[in-house]
Every structure is written in C-alpha cells, then in structure tokens.
Protein chains: 4
Amino acid sequence: MRVEAFKIATSSPSDVAQLDNYIKQGIIDPNDVLCIIGKTEGNGGRNDFTRELAMTAFEELFSKYLGISRTEVAERIVFSLSGGCEGVVSPHIVVFTKSGNILQEARQEKRLAIGIGSTRKFQASEIGRVEQVEETARAIKEIVASLKVDSAEDVHFIQMKGAITNYTYQEAEQALKDNKPLRSNMVYSRGASALGAALALDEISAKDIRDDAICQNWDLYSGVASCSAKPGLDHTEIVVMANSRYAEGDLIINHGVLEDILDTKTVHKVLTELGIKCDICLTAEQQKKIVGVFAKSEADPRNIIRGRRHTMLTDDDISDTRYSRSVLGAVLASVIGDTAVYISTRAEHHGPLGGGPLAIIAKV
Amino acid sequence: MRVEAFKIATSSPSDVAQLDNYIKQGIIDPNDVLCIIGKTEGNGGRNDFTRELAMTAFEELFSKYLGISRTEVAERIVFSLSGGCEGVVSPHIVVFTKSGNILQEARQEKRLAIGIGSTRKFQASEIGRVEQVEETARAIKEIVASLKVDSAEDVHFIQMKGAITNYTYQEAEQALKDNKPLRSNMVYSRGASALGAALALDEISAKDIRDDAICQNWDLYSGVASCSAKPGLDHTEIVVMANSRYAEGDLIINHGVLEDILDTKTVHKVLTELGIKCDICLTAEQQKKIVGVFAKSEADPRNIIRGRRHTMLTDDDISDTRYSRSVLGAVLASVIGDTAVYISTRAEHHGPLGGGPLAIIAKV
Amino acid sequence: MRVEAFKIATSSPSDVAQLDNYIKQGIIDPNDVLCIIGKTEGNGGRNDFTRELAMTAFEELFSKYLGISRTEVAERIVFSLSGGCEGVVSPHIVVFTKSGNILQEARQEKRLAIGIGSTRKFQASEIGRVEQVEETARAIKEIVASLKVDSAEDVHFIQMKGAITNYTYQEAEQALKDNKPLRSNMVYSRGASALGAALALDEISAKDIRDDAICQNWDLYSGVASCSAKPGLDHTEIVVMANSRYAEGDLIINHGVLEDILDTKTVHKVLTELGIKCDICLTAEQQKKIVGVFAKSEADPRNIIRGRRHTMLTDDDISDTRYSRSVLGAVLASVIGDTAVYISTRAEHHGPLGGGPLAIIAKV
Amino acid sequence: MRVEAFKIATSSPSDVAQLDNYIKQGIIDPNDVLCIIGKTEGNGGRNDFTRELAMTAFEELFSKYLGISRTEVAERIVFSLSGGCEGVVSPHIVVFTKSGNILQEARQEKRLAIGIGSTRKFQASEIGRVEQVEETARAIKEIVASLKVDSAEDVHFIQMKGAITNYTYQEAEQALKDNKPLRSNMVYSRGASALGAALALDEISAKDIRDDAICQNWDLYSGVASCSAKPGLDHTEIVVMANSRYAEGDLIINHGVLEDILDTKTVHKVLTELGIKCDICLTAEQQKKIVGVFAKSEADPRNIIRGRRHTMLTDDDISDTRYSRSVLGAVLASVIGDTAVYISTRAEHHGPLGGGPLAIIAKV
C-alpha cells in the first residue's frame, strides 16, 4: 500500500478544475482516490449549502472518470467536507489515493496507511449510547488490524461521519416511556463516535463507557478522533490513518492533543516528532513537506481561555463555531506558514474541554 | 516622570469596579491618570454603542473622584476605546498614569515616557490632505521633543484620534468645483494621521507627502502609528509613547512592523528586544512582565495571505474588520499567552498592505 | 387619574434630548413619569448593551430633575427597553405620565388608566412553576382592582419584567435530587408571568395551572401579557394598562391576539374597535391619534407560516428573534403608517404558537 | 402563444423533485420551459452559492429530459435565481412555459405573453453608459414588437440579467486616461439596464439619457424593470412579460410602482386592476389566482422611511439588502396571504428612491 496526498486550493466550493487537471495529467489516478477531506467557504451551519455544492461537483467528476453513477461515487469515495473558512483559513481539499494493498513483509520504516470501513446499521435507540460506542470501537479495531500497525499508538487520525438514524414519532414516544429518550442527534452521535475511537485505541477503559457518561463526563476523550454526523445516515463511515511498517510511500502522520485553541506548544511538538523542528514558524522548505493539517476546535464552554473571559459564546451576531475555527486556523497557520488547514468544530469527547485533536501528515 | 500602567479585565463595557477598587486602595491616583486604552465587546462598527457606554462609566467615575464635570474628564484624560473582542480577545483596559514631570538629568536607562497633545483645529478642506499630515507631524514633533528622547527611534507608539471636521453642503459643493473634493472622512483622516507620524519620525521624507499619495501610495507608512478618527472632532488628539533617559519607573516599550496578520516572527523579535526571549510562547513568569500589547490588523486587500486566497473580504455575513481582529488577536495571544491584547482595525498607511504596527510595553 | 403618553423618536440609545426638552418646556412633569417603554437599536441578545446605555441616560436625567439617586430612579419609574430595531422599526420611546389618583366617581367614558406594582420576592425554586403563576396573578388582580375597571375585559396590556432569582450550586443540586429541577431562567420566567396574567384575567382556569403545563401546553396563553425577564431580579415588576370609568384624559387602549406575524386583519380589528377604521392604511390624520403600538413576535417554531416553509429558524447567520421583529414591525408599520412600533420577542404563552398579543393606545 | 406558470415550493436550493414530478406527470413539458424565476435561501451576497447549487440541479434535470448539455440548457432557458429568503419569504420557483407562437389574429381579451431575447455583446467601455442603455432599449423594443402589444402600457415586467463585460488592466488604465473610467460593474450595469427599459417604454425621454445621469439622476426610472447583472456576461439576457391580444391562456399580468417598501396601497391597486379586489388580505379563493409576485426592494438611502429614521444602513451585523427583502416580503405576504413572493434587491433606476417595481401575474 502506497498512500499519496494532494493538497489542492479551490477557488469556490464547486471548483474541481485543478483536481481534473491532475487526473488528466496522470498525476492522480481516479481509480485510486480513497477519500477527499476539505474546507468549503460556507458558514458551517444548517444553511450551509457549500458542502452539497462541492459534493455535486466531485460526484459529477468521478462519475465521468469512473463510469459509475453519482450515488456509487458517494459510496466508493469518502468525502469529508467541512464548511466555514473563517479568518485566514483558505478553501482547499486534500485528495488521498492508495495504490496496492497492505504489504506482506514489514519494512524498516513506518509509512502512512489508510483504511476505510463502516459500522453496522444502527437503530435510532442505539445512537449516543453504549451500543454505538462499542460497535464503533469494533469497526475501528477491524480497520486498524488490517493496517498491521505495531500498536495503537501508531494510529493518529480517525475521521468519522457518524450515524443519526431516522425515527418515527412513535419510536420517540416509546423511548421516552422506556425512560431511554432517543439521542439520535448531532451532539450525541459525534460524542459516541469519538468515545468509540477512544475505546478502540485504549485511550479509555471499557468500564468507563456508560450511557450517562456520554456527553457528560468530559474527562473521557479521544486524541485522534475527528467526527461529524449526518442526519439520515444509519451507519458510521470511518477512515483510519496510521503509520505502518506494511505501507510504502513517503508520507507519515503524527498527532497531538491541543490543550486549548491557542496551544502552539503542541503544534511544535507534533512537528518535531515528524522530524520537522522549527523555531517560530516553518521555513519555506519545511512547509513543502506538510501535506495535511487536521484539527478540531471548540470555544471553551466555561467562557474562559488562559484565565481570561472570552466572548465567543455570548456574541449573538457570530456563531462560536465560526470564531473557534477562525482562532485555531490563525494559530495553526501562524506556525505552519500555510493557511490551507482543515479545522472543523464541535468536539464532544475530542480532547479535553476547550481543546481538541491535531493531526499532521508530512513527507519524510 | 514615572509612568505606570495597569491592565484591568472588564466584565462588561461599563465595568469600572476594579478600576474603582484600585483608586480606593490607593494603587491608582485618579489625578495621575493620563490615558486609558481598551477593548470593548461590541462589533467595532457604526452601531457599536459599547464605547459610548464605557465612556459614560469612566466619565462618571472620574467626575466623582476629580470633582470636575464629565466634559472636563473627557478633555483631561485621553480615552482610546476600540470595539470588537473577536475570538479569544478579552475585554480589558490599560490605565496609564504619570507622576512627576520629565527629569532634568538624564538617567542611565531609558524608561517609558508618555506625552499628550493635539493639533490645531482643521478646516474640513484640510482633512486627508497635506495640511493635515504636516500639522500632525508638527504636533507630534513637539510632543516628542518634550520627552527628551535620544532619537526618533525611541518613539514606539503614537495613538491618535483624528479630526473629521464637519462641513456644510455648500462647502462640499465648492470643494468639488475647486477640483479639491472634501476628504473629511474616516479613511482619509486615519491615513493622514498615520502619514503625519511617519513624517514626524522620518519614516518617510517630506517630498513624498502629496495629496495624491494619501490613501493611494501604500509604500508610505508609519510603523508606530495607531489611528482612529472621530466624526465632528475638529482637531487630532495625540498620545506619544517613547523610551527616554529622562523618565523613571520600570516600564519600557518597543515596537515592530508586522508583515501580515500571521507574522509571529516580528512578535518574537519585539519581545526579544525587550529582553523577553522565548521559544514558542511566554512562560507564566514572562507573561507577568507584559503590561500592554497594541496592534493594528487588516484583512489583506489583495485577498491573498501567504500565497493563498482568504475569504475575509468576500464574506457578506461577517465584517472583514471582525475577522482580522480575530486572527491577529489569536496569533498574538498564542505567543504572549494572554488574551488581553488590543487590536484595532483599518490600517491605512499603518505598516505595509495587509500588515501593521505592533507595540508592546513591558516591565524591565 | 389622567394618563398621558408621549412618543419620542431617539437618534441613538442614549438620546434623551427631546425628553429633556419636553421637561424643560413643561410638557412633561418628571414627577409624573410612571413608565417608559421603548426600542433601542441593539441586537436584542446577550451582547446588546444598548438597553444599559439608554438606562444610564434615563437614570441620569431623572436623577437630576427629581433630586434622587440613580438607583431610586430605577425603583420609581418602570423602564421597559427592548433591543432590536430591525428592518423599518424606528428607535423610539413612549413616556407615560400620570397625574392625580383614580377618581372617586365613575365617568361616562372609559379612559386609559395605568397601575404599577410587583409580586413578592420569589425563591429560585418557585420560578417557572405554579407558585410564580399564582403570585403573579394575585399581584395583577390587586393592581387591576385599584383601577376600578368594569371587568377583566377592560384590561388590554400587562407589561412585566419577570423574576429570575439567583441560586447557589447547592440549591440547584438539591432541586435536581428533589426531582423538581430549577427553572429560574428566561424561558420559564416569561412563560409563568404570561400565565399569571392569563389566570388573573380568567383567560385560563385555575385547574389548568400545573408545573408540567408551563412552557409545555401552548394552548394556554394570555392575549394581553408582554413579558421579559431579568436575571438577578427576585420579584416581578408589573404595569397594567386598562380602560376605566374612573380615569380621565383622552387616551384609550385596545388589544387583539395576532394569529401569526402577518395577521393584518387583527390589526385592523383592534383599530376599528378604537374608532379608527381604515381601508388599507391609516390616513395622516388617523396616524396622529396613535400613541403607542406594542406587540410580541415569534418565528413560528413549526417552521411553517401560512402553509409554507420559513427559514427564520434554520438561518445560522441571523437570529430568528431579529427576523420575527423585522417581519411584524414591517406588517404593523404598513397598516399604521408609522414605523415607531414596539415589537419584542419570545412569546411563551403569549398568544397562540407563532402569534402574539398586540395592544394599541390611541387618542379618542 | 399560451403561457402557463407553475409556482413550486422548494425544500432546499437543489430541490427539483416537484418540478420533476410535474414533468413526469405531463403537467409540464420540458420542451416548453421558457424561464424559471425563483428565490433560494442564501444571503444574496458574494458568498451566496445557493444560486449555483440550484442552477446545477436545474441544468442536470433539463439536460436529462432535453438530451442536451448543461451549457445548452443554460443558453436555452432563462434562469433568474435570487438569493435571500429573509423573514417569511419562502424558497420557491415559478416555472414559465410557452406553447405555440404568437397568434395571427387578435383575440378579444389580452393574455400574458412572454418574449425572450438579448442585446448584442458589449465592450467593457459601454457598460453603464449611453451605449448600454440604447442597445438595451433597442433589444427590448424588438421583443415587445414580437408580442404584438397594443401599447407600451401593456408591458408589465422586464427581467434582465445584465452584462458586466470583462476587461484587462490596460483597458481600465486607458479608460481612465480618456477620462471615461470603466463602469463595468454591478451597480452601473443594473442602472443602465433599467434605464434601457425605461427608454424602450417611453417612461423617460431619449434626451435624458446621458452618461452623467446614469446612477446619478434618480428621478429617471423604470417601473417595470427587474435587473440583476452577472460578472463575465458580455450581453444582457432579457425576458419581457406583457398582456397581448395575440396570446391565449388564462394568465394576465399587471404592475405598479411602490413608493416605499411599506406601500400596501399600490399592492392593492395592482390587485384591483387584475380584478382581484380585497379589503385587507386576499381570501383563500383569491390567493389561488395569484401565480407570481415579483418586486424589487431597497433600504431607502436617505435613512428615512415614512418620516422616521431606519437603521438598515447603519447596522454592521446585517446587510441592508437582507433587511429590505425581509420588510417588503412581509408586507407583500401580509396582503397576498402567501409567502412565496419574489423580492430581489438593489434597485438603481427601478422606481423612485426607496421604492421599486411590483409585478403580479394572476389567473383570470
């Protein structure tokens, strides 16, 4: 298995011109495309249609090249598009391709390996509860195993699009009567997905997983999960990125857990461990090595950061999600020297309160 | 002359409780208060009434302690309140006091000295034109001279509230006929104030000052100016901060010119020159030395930062001024380790396009 | 008792110049001022400081004229300031004065009478529960009685600032354990205040008042209540406006219940009953008779209005409260012909879902 | 020629399900579709991608049914999509179909006839100048003639997508030197298109058309134009709607000029002239007759409406375009009783300052 990654700037959500060029020039083989992670310039909220617009453009492009329907494209390739390019964050995509299978023989060095899979279908009653956490953990473990990593510590990034199973009014009423109200919504689905990753990688122990801990006990979290959730999706799509001796290529991945959205120390630590040590900001040479930067941001719900009050949660004109993406985007860009960074928001059980995971992929 | 500075967090725009405490406890003598620079949590725009609310509270407080009217308070103390605490920027004020006059004898070390003054009254026809630049330069030079600095390089921060003289419809019409249209507005007033500072400190040469260069030739700029403008004000209020051998105390000031709003290198350079050298972020000990951080931000009008597209100027939901304050605030806070940083926007002739001045005051 | 009302346009939240003029000219006697209801041009949300700014200006003005402290002004005069002048809604205040007491002898005609009072102090555990509803009803009945109205149908407008009693963490925990979680918040306080009015005026029956009906059973509502709530206030301030044979003057009041925020039929009905019948829009002559227009608006929580989808609740860039004020303000102004209309939002148990009360005061 | 119109609610910008149903059921013949005018739920600004998303869906649908490419669909059918469904305005489209050609023999009654055409290509130097006005007028006259109307008064609605021809830096520089700066932008293109309509229909006289009157003399305007402009388009697309004795069907159109965005009198007048007279609001029966409501809104640039200050132009949190659409949408919906109304903004030379044209299509 050889993974390659292509960072491509976009001029609008529907811009696939450069991706198309890469395909035409033979730089990217459309058959090898595994997943596309990117930022589109909407507001990241309920009335953000830029993700759908981008999806339309991607589906149409790959439909043409692969000779399959749009629906088949969406089933074959994992698209993780996050709306909201606040402040300096620049609209872009990272296209991941995979050629060949996982190697039979271990190599000396570890290289980036990517595995894709999904959970079984969930009942609405399982979402946001122990069942979702455990099945998510099971599915992740299976994918991780396929990558032949040395240990769970080689897993650095798990991107998930979580299930939010539809339900009827009757099911909701029955659940209330059973004293087990439905949790089939964004918040709980993201939270349970993240805990699933934490469980799979032994970041938390099985005994901590209880219904009343989910979205309640914030001491439990994953440092590698990056979860969204999609209403109507009845299973969870999972992308696992890890370093494996059974992968070739010239990419490696590392991660860290940001203590808060100003935590540059952890950014430097993640870079240093990737062999990219810098004083203040990466040099132009070093920047070329960075293929992808993926983080989760959150306006600290305690209204405090570094001991001082912030106003992100009490400003009724601008969403705290937009603010926190703007802040972390600026901080990461100030160290990396590149504004094509992927920041998504809402980080239930993703790192400590007010913090979140950061993963960086670099060329060796 | 001994200057002291007090950084005070505020819980709302009208919060003067801690300032009042300091006065009651004898920490601050209200007679010594020279100026107050601070951030209030509005939107920084035309419908931002938080500055007025803060002014009301300050005027009432000092009116009580000094036994003078509110109007007299506003004439005696310089208030520079900037609306907009985006992202992590925390609402706060810095209160500057001065006791004693400039010394007769030079001391070994230079210390922070502050001088206050104003220009003569301007005609509306002079605003944004050579006349405003030259008179502003003259007034600044006079203040600088009073501080007995070794050279212009000891001047690090010039805060100005610029004139926007009122005019009649007839005056505007006449000016149009004379082919010298009135420029008595925010943009031109700020630009001319900044060029006045640049001229006073020999950052530009007198021959560069032409009407058609103002708000046109962006290669001309000051690295120490921080200008706002106030409709109806017919003169410009000026605060000059410099290091002088004729000042006592334990504060020093330094500045740098940010190349863009991600420019952490310059932040580190300014800190290092203040004797506060750090790797990535100030330590808790070092943070205690920082008394004030003052910067100007601007969304690069070329729509590009670090070679990539930004969307700050094409987002019709959020003002670019709010974005750029959020970005620079986050970047400064990530290095300083403190979110009580003063960022104001609109930086015509304040540093290069897309960049701006940064001044830091620290304890020795 | 003779009530007079003065509609005054404001040029900013702190503008009291015209009110001051009226006092100086003897048109308004500051001793007679009973309450001031007005719109300020903020966003009506948590970071709207325009109400505080206006309060500061009012308190200062009356403090000067009445020779009492600001705090005493705030206790003596009821101020109901609502932030948010969206669309055409024009910033303004209506100043109500009262001279003389309620008459001993009934007159032929009914005229506007105003009574002011308050509830007892509430425990945090009582807010949003039956206790608050019943005590609010009791206090209203007392005020209504003092106005000597013929029947409850003569009461047309009850403006309340409701209690949100502070509580300790321990009290909140204990309440949870007692299975009676605290409801000391905006939503429940407004809801209980409105139900208090409904109970006092027999719009609902006592048996309907149960803890689990409050903010749950939306069929219960008042058609005359207009409630806000203020964190930290431990009692509810009440202003009752009614037509009474024991009042003099030339003002009368009427109300109606808007079915939705487009319901012009009810606007016309309320006007007609006031003797102001018009075809489409009031004539200039008729407009002069209108002294105050007070309404509550709400974006229909079912996402539907007149059978079609609205997007007010799914637009993450603009608050639904701003939208609904903009819509109802436009609709009222299009009939009244005057944009100085008072619309406030959040209407729990104020009229049917998606609708709300409308009161109009006119000169006979 | 028989024109039919179908008002279709959409559940999102890309929703073409109901349109698809109508085609499948034979209600709409895709070959007959002439133009689609609709509202999508973006912000109507530069970062509104909902129009592009809707276009994608329409092009794909018609591409499938007509067996032509997307580009050909866009050339064949006129799409006028306006972003921004503020307040109660409900996302919807109106699909216009035409079967048969203009009749040879005049009929007794006039019926809605639609003609489509375009101007020649414009040079960038012609945009916003006399050349654009005159060529637009010429093209409109040609289309009007083809509809065999009795007089210009039978023309009630001219929807245009105006040219904004691209230009090089050199061309812009040369134009400046020639003292004829380029006006190839939104404002001037819309203004010149509207004046073109005014000229074609004798609403203004040819002698009034001068370069310095365009976007300057607001007394010149059209009462039937509804113009947008599209960067990069080098010609203007024109749809003319008129009543003609040479058209069949059951639709008629009428228009009026709103004096301001609260002008319900004109709404009633337009309805009455269509034979739909109502007291306050249309009955359910009357509502069924209304097929399309098309208007232009503008926040009065003088900051005054009905003699009072409005804050739409000084609110830095919400665009005045969003406010004015919200206001006029609410006002129209309050009379029509239907929230599927088409309001677009920016109305240079469209009706008097602060007002704009209103066209209504109804079944006889």
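At 7% relative accessibility, C:Asp315 counts as buried, where buried means under 20% relative accessible area, exposed over 50% and partly exposed in between (1.4 Å probe, protein chains only). Keep that residue in mind for the first exercise.

This is a predicted model, in which local features need pLDDT of at least 70, side-chain atom pairs count only at pLDDT 80 or more, and totals for chains, interfaces and linings use all residues. Residues are numbered from 1 along each chain as its sequence is written, chains are lettered from A and ligands numbered from 1 in the order in which they are written, and side-chain values use heavy atoms, with hydrogens and water left out.

**Exercise 1.** Find the salt-bridge partner of C:Asp315 and say what the pair joins.

*Solution.*
- Step 1: recall that a salt bridge is a side-chain nitrogen of Lys or Arg within 4 Å of a carboxyl oxygen of Asp or Glu.
- Step 2: the partner is D:Arg322, and the closest N and O atoms are 3.1 Å apart.
- Step 3: C:Asp315 sits in the loop between β12 (308–309) and α9 (320–336) of chain C, while D:Arg322 belongs to helix α9 (residues 320–336) of chain D, so the pair joins two chains. Helices (H or I, at least four residues) and strands (E, at least two) are DSSP runs, numbered from the N terminus.
- Step 4: D:Arg322 is buried too, with a relative accessible area of 5%.

**Exercise 2.** Work out which parts of chain B the salt bridge between B:Lys110 and B:Asp150 ties together.

*Solution.*
- Step 1: the closest N and O atoms of B:Lys110 and B:Asp150 are 3.8 Å apart.
- Step 2: B:Lys110 lies in the loop between β4 (92–99) and β5 (111–118), and B:Asp150 in the loop between α4 (130–146) and β6 (155–164), so the pair ties together parts that are 40 residues apart in sequence.
- Step 3: B:Lys110 is partly exposed at 25% relative accessibility, and B:Asp150 is partly exposed at 44%.

**Exercise 3.** Describe helix α2 of chain C and its surroundings.

*Solution.*
- Step 1: residues 50–66 make up this helix of 17 residues, which reaches 24 Å from its first C-alpha to its last. That is close to the expected 24 Å, found as 1.5 Å times one less than the number of residues.
- Step 2: its buried residues include C:Leu53, C:Phe58, C:Phe62 and C:Leu66.
- Step 3: among the elements covering the buried residues are α2 (50–66) of chain B and β3 (78–83) of chain C.
- Step 4: just after the helix, C:Gly67 takes a positive phi of about 65°.

Note on methods:
Contact means heavy atoms within 4.5 Å.
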